[in-house]
Every structure is written in C-alpha cells, then in structure tokens.
Amino acid sequence: MSKASPLKAPQGTHDLLPPDSRRWEQLLVCFAAHARRAGYGFIQTPTFEDLAVFQRMGEGTDVVRKEMYDFKDRSDPPHHLALRPEGTAGVVRAFNQHRPTKANPQAPWKTWYAGPNFRYEAPQKGRFRQFHQLGIECIGTDDPDADVEVIALLWDFYRDIGLKHVTLLINTMGTSEERNAFQPVLQEYLRGRASELHESDREKVESHPMRVLDSKRRESKPVIADAPKMADSLSAQSRERFERVKAGLGALEIPFVLEPKLVRGLDYYTHTTFEFIGDEIGAAQSTIGAGGRYDGLAEDLGGEPTPGIGFATGMERVLLACDAEGVFDTPEAPMEVFIVDVVDGTRARDTAQQLRRAGISAERTFDGRSMRSQMKAADRSGAAFAILIGDDEVEAGEVTVRDLRGAGVQQRVAAGDLVNHLRERLADPDGGGVPDHFYVENRRPAQSPPGTEVPPASAADADTDTRSSSDADDVDADGKAEAGKPDTPGPSDRSTEGDMPEATSGENESATEAKGDDEADEAEDDETADPEAVLHRAKASERLRDIRRALDIDPDG
RNA sequence: GUGACCGUAGCUCAGUUGGUUAGAGCGCUGCCUUGUGGUGGCAGAUGUCGGGGGUUCGAAUCCCCUCGGUCACCCCA
C-alpha cells in the first residue's frame, strides 16, 4: 500500500506563511489606521450570503454569471448560497438589515472591512480564486465631498505604504436615470457599427451596452473611441456635482486622469467611478484598487433608497505594486529576549511566561537542546538579550543576562529583579542595535521581476527605528508602551505621522542609498578576506575576555 | 473556457544522444569549542525526480494520460 499523496491547497489559492505574512499584517494595520482616522468603523459580514444578494447586485456581469462559487446547504428546502465575489453587496445588505442611520440620521454610516473574496477564474499574475480586499463604504450621503474623502483615503494609504507610481482614473456615470437615458443612445450607435465589433462585444450591445465601453478587444477599440460620451449627456446638476469632486481632488493635490470610458465591471455604479492603476506592475492585472458611487444599490437589495460610495483594493495586487516599486519591505520583528535554560527547561518555561506577562517578547527552545544550540537559536531570533540559566544561577537564585547585540557583556541579576532590569535596558536607546547579520540573513529574497529593484529598507531603518520610536502607535495593543517595548519598525510608524509626498520621497531616496551599501556587504560576504569576518573574530576574542573575567580567570591569559 | 511554458532536497537550481548508488550552493544537525551565538574548518542528514500508465535489459531523461504551477487572451481587485 502506497502512502496517499499529500493534500494541497486548491487551485488558485495560497497559504500565507511567516515571514511573508508579516507584510500582510502591516498592510492591515496601516489600512486600519487610515480608516479609523477618517471615522470608519470595522465591519465584518459573512463570507457567504444568499445568492440573491449578489445576483441583484449585477446580473449582467461575468463575476455573477460565470465566476461565482454557489452552493446549496443541507436545510429543507435548501438555501441557495454563494461565496462572496466582492465586498460591497454584503455591507449594503447589512446596512439594509440593521438600518444604522435610523439612530443617527445626520451622519453617513462609515465602515471598513478586510477579508477574502472568491471567484472561479483561471489563476494568473495578480488573479486568484481566493483573493483579499481592503475596503470602505460610506452609506447615507450623496455629498460629492464624500466621494473626495473616499478617494483621498485610498490615495493617502497608497502613498503611506510607499507607492509612488499610481495613476488615478476617474469618470462619472451620472444618475441611474441619466444612465438609463444614455443607454439607448449608445445602443443605437453600437448597433450601427455592430459588424466592426468583436463577437463577444456584439452580444453585449443588446443586453449591456455600457459594458462594451469597457471592452479591451482590439477589434472593438475604434468603435469605442468614437462612441458618444456619457459625460456629454449629463444634466447640469450631475456635471456640477462632478466638478465639485474634481475640485476637491485638486485642492487635496491628488492628480487624476479623466477616463470617459471607465465603466467598471459591476452594474451598480452611478456618478463617480474611479480606478487606481499600479504603473510599475508588468502584468495584465494592474488595477490595484477601484470603486465608485452606488446610489441605487441599497434599493436594488430591497432596502430604502440610500446613496453610498466606497472602494475595494486588492491586497495581493497592492503588494505586487509594492514589489514592482521596491517599497514596503517590512522587516522581521526581532525577539527582545531569548531564554537559555541548560538545567531542565523548568526555568525557561516559567521565565518566558513571566516576561511575556510583563510585555516583553521572549522565546526559548524546546526538547532540551545543548547550550550551544540554544545560543544559536538565540542569535537567529535577533534577541537583544539572552537569559542564561544553569546550575550555578539556580543555586544563587540569579540569572545571567547576556547582551547579544553589543560586545557580549554579561552580568548576574537576581531572578526577582529580572523584569525591571530588562525593562530598563530595553528602553535604553543606546542599548545596542539589531545585529547586521540578523537582517542580512533574514531578509526575504527580492521577489520582484528582473529589472526592478527592492531596496532593503530593513537593514537601513531597523537600527534606528527599532529603538527610537517610543511614542505609542495608536493601532498597537495597549500596554506595549508602558512595558518599554520598542515599537515595531515599519510603515505603521509612518502612518501616524501623516507624511506628505515629499517626506515619502525622501525616505525612498535613503532607501535607495541603503541598497548600494547593502550590495557592497553582500559582495564582501563572498570574499575570503572578509572585513566583516575580521570584525567578528575581534568581537569573539573580546567576548572571550568577558567570559574569563566573569569566571574570575585572568582576562588576557 | 482557449493557448504557451514549466514541475528534481526546506529554498534556488544542475543533471550530456536513456546507462552504475540522482548532484551543487544556501539552509539544517553534530563536532572542532571545558555551560556561550555570528566568522572559519570538518563531518552528517534529507528526495514518492508532481502522480499514474507505457516503451526498454535499463527512464529524472522517450511516449500517453492526469494533477499542479506560471504567464497570456478574456474578465476583474
């Protein structure tokens, strides 16, 4: 009997593991900060809904017609359900169900979400069967300034994570009445030139003429270029509204490109629609985020007519854009303390938890490994200090605290004083940086396509950032700051500072410089007369002296 | 749904017209190092060669099927 072959994740899905998952964590934290600062509350809706929720959202779209994962459950009669292919419909359904603006009618209902969506598609670059979106919805106002707020939030988020080469496309579709009035005009035009259209577009002329404008078929392009423009058949009111949106973007220094053919794939959009393109993504799927106004959607889903606007941005695609631009390279968070117990593991067990309860990150090995092996693990963890516990220490009621990032100095501390001792030393900005080799060795290999560059922001930033940013991040859990825990280096720090584009570009320049340094380091690693190795040897002999001193042996003997 | 390319160790990849026991680098484990990390040296472990079937004295290599990956069309975040 042969062993069954190991099961794999389904086609088009991926496991997300450390250390790669770290950027996802950071992306989420950063987005949450932006959303919260703008007054958006976190919402979670079911991953599956009644099929009807999505059908009413857009019956003519491929997303609903061909790409939905739908299924019947075991109830009698069975519910016909579907995995959500996008985020907005569920949120609007929740809005209809709970009517949150009843309690607070003067303000729109503002929510943000993060989670997986599912579409049955052929996977390729930037396209998966399970993919993840961050998004916001602002429901209950048709003020054009809300459109500006929504677009600005996404723009600022992209800037904050370091993206610079992003293009914003915007268009207006007018009211649903204007849209309905425009459709026959467009349809008539398209009928006249139907023979010039690609076959698949010809079918859409009768069912969804607007979607023909969105077609990327080469044959259809000349016909689309000459097509009547939605903007030309708008009412003065709608035009004025759109002017207000454009003026708002201008006032906030958000550059945009008017794209009259931007229709978007979902049927529910009215007035403002927009799309963000990652310019550096060398792939077919370069839209990293998109959204628009959907003033008719609440009603379509059986609720009161309520205006709304929102966006969704694909996490996988945002990260793809980051790779392409070489930004948002989040470093691994090093441990603060590593416990080396060479007795029987009892102290490692108890001390680790004691430190963690005090807010200090602490790791250990298991399975009773040799001291040497435990020290190697301590080194790999990037810990600032090793707590050494052997028979001597146990007998004296003490522990040995060894500095792993500096000269390797170690000192005995009474076991009862350990927490306070560590708090003091971890809070000290001169307490030693993160060892270079830690970042060099743990940095993820560049995943960007050849020709693009990934500046290793980690190595350059980590030494300073890890220690210096002591102001509590508003997103982090409570208690860290009191515990003297250094903030995690990374974009979440930046996000609280409200960086404007100039500042971001400044950071990028320094990151580019760091790249040069780092390449030099790597080249040196290959040399036999490696200066780094000499340095290490020097440090090692220094440490040896410390040890001898500690053991009361003649230091230089 | 259509098409192209790919699948060898944890990772990145060699593997000749089919030919002995499938390799390298990195990583991992141990030792040099008396309870003490990085550098160095030595030693070691690890493989359903994606899976199944076929051709052959002999298959990682050739053929068929299948699964998966990647990319493109289309669609979309």
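1. Thr 400 stands opposite Arg 412 in strand 16. A second pair involving strand 16 can be read off as well: Gln 411 is the bridge partner there of Val 401. Strand 15 covers residues 398–403, and five bridges join strand 15 to strand 16 in an antiparallel arrangement. This is a predicted model, and the points below should be read as such.

2. On the hairpin: six residues lie between strand 15 and strand 16, and in this hairpin Gly 408 has a positive phi near 85 degrees. The residue is a glycine, and for context, most residues other than glycine have a negative phi.

3. On the sheet to which these strands belong: five strands make an open, mixed sheet, ordered 13-12-14-15-16. Its edges are strand 13 (362–364) and strand 16 (410–414), each of which pairs on one side only. From one strand to the next, the twist averages 30 degrees. In a regular strand, side chains alternate between the two faces of the sheet.

4. Which helices pack on this sheet? Helix 13 (residues 346–357) lies across strand 12 (337–341), strand 13 and strand 14 (385–389), and runs at about 160 degrees to strand 12. Helix 14 (residues 371–381) also packs on the sheet, where helix 14 touches strand 12, strand 14 and strand 15. The direction of helix 14 makes about 175 degrees with that of strand 12.

5. There is also an open sheet of three strands, in the order 2-4-3, with antiparallel pairing. Strand 2 (48–50) and strand 3 (70–72) are the edge strands; each has a single partner strand, so one side of each has no neighbour in the sheet. Ignoring direction, neighbouring strands here are turned against each other by 35 degrees on average.

6. Within that sheet, three bridges link strand 3 to strand 4 (residues 80–83), and the two pair in the antiparallel sense. Phe 71 is placed opposite Leu 81 of strand 4. The loop between strand 3 and strand 4 holds Pro 77. The peptide bond joining Asp 76 and Pro 77 is cis, with omega about 0 degrees.

7. A cis bond is also found from Pro 18 to Pro 19, where omega is near 0 degrees. Pro 19 belongs to the segment before helix 1. These bonds deserve a look in the viewer, because most peptide bonds are trans.

8. How does helix 1 meet helix 12? The axes of helix 1 (residues 21–37) and helix 12 (residues 315–325) come within 11 Å and cross at roughly 105 degrees. Angles of 65 to 115 degrees count as roughly perpendicular, so helix 1 is roughly perpendicular to helix 12. Helix 1 contributes Arg 23, Trp 24, Leu 27 and Leu 28 to the contact, and helix 12 contributes Met 315, Glu 316, Val 318, Leu 319, Cys 322 and Asp 323. By class, seven of the residues in this contact are nonpolar, three are charged and none is polar.

9. Helix 1 also packs against helix 5 (residues 144–160): their axes come within 10 Å and cross at roughly 140 degrees. Helix 1 and helix 5 are therefore oblique to each other, and helix 1 passes helix 5 in a right-handed crossing. The residues in contact are Leu 27, Cys 30, Phe 31, His 34 and Ala 35 of helix 1 with Leu 153, Asp 156, Phe 157 and Asp 160 of helix 5. They divide into six nonpolar, one polar and two charged. Leu 27 takes part in the contact with helix 5 and in the contact with helix 12.

10. Glu 253 is a backbone detail to check: its phi is near 60 degrees, a positive value in a residue other than glycine. Glu 253 sits in the loop between helix 10 (236–251) and strand 8 (257–258).

11. Across chain A the pLDDT averages 78, with 75% of the residues scoring at least 70.

Notes. Residues are numbered from 1 along each chain as its sequence is written. Chains are lettered from A and ligands numbered from 1 in the order in which they are written. This is a predicted model: local features need pLDDT of at least 70, side-chain atom pairs count only at pLDDT 80 or more; totals for chains, interfaces and linings use all residues. Side-chain values use heavy atoms; hydrogens and water are left out. Axes are lines fitted to C-alpha atoms, for helices over the stretch in contact, and angles run from 0 to 180 degrees between N-to-C directions. Helices (H or I, at least four residues) and strands (E, at least two) are DSSP runs, numbered from the N terminus. Angles under 35 degrees count as roughly parallel, over 145 as roughly antiparallel, 65 to 115 as roughly perpendicular and the rest as oblique. Contact means heavy atoms within 4.5 Å. Ala, Val, Leu, Ile, Met, Phe, Trp, Tyr, Cys and Pro count as nonpolar, Asp, Glu, Lys and Arg as charged, and the others, Gly among them, as polar. pLDDT is the predictor's confidence in each residue, from 0 to 100. A crossing is left-handed if the near helix is turned anticlockwise from the far one by less than a right angle, and right-handed if clockwise. Two strands pair if DSSP finds at least two bridges between them.
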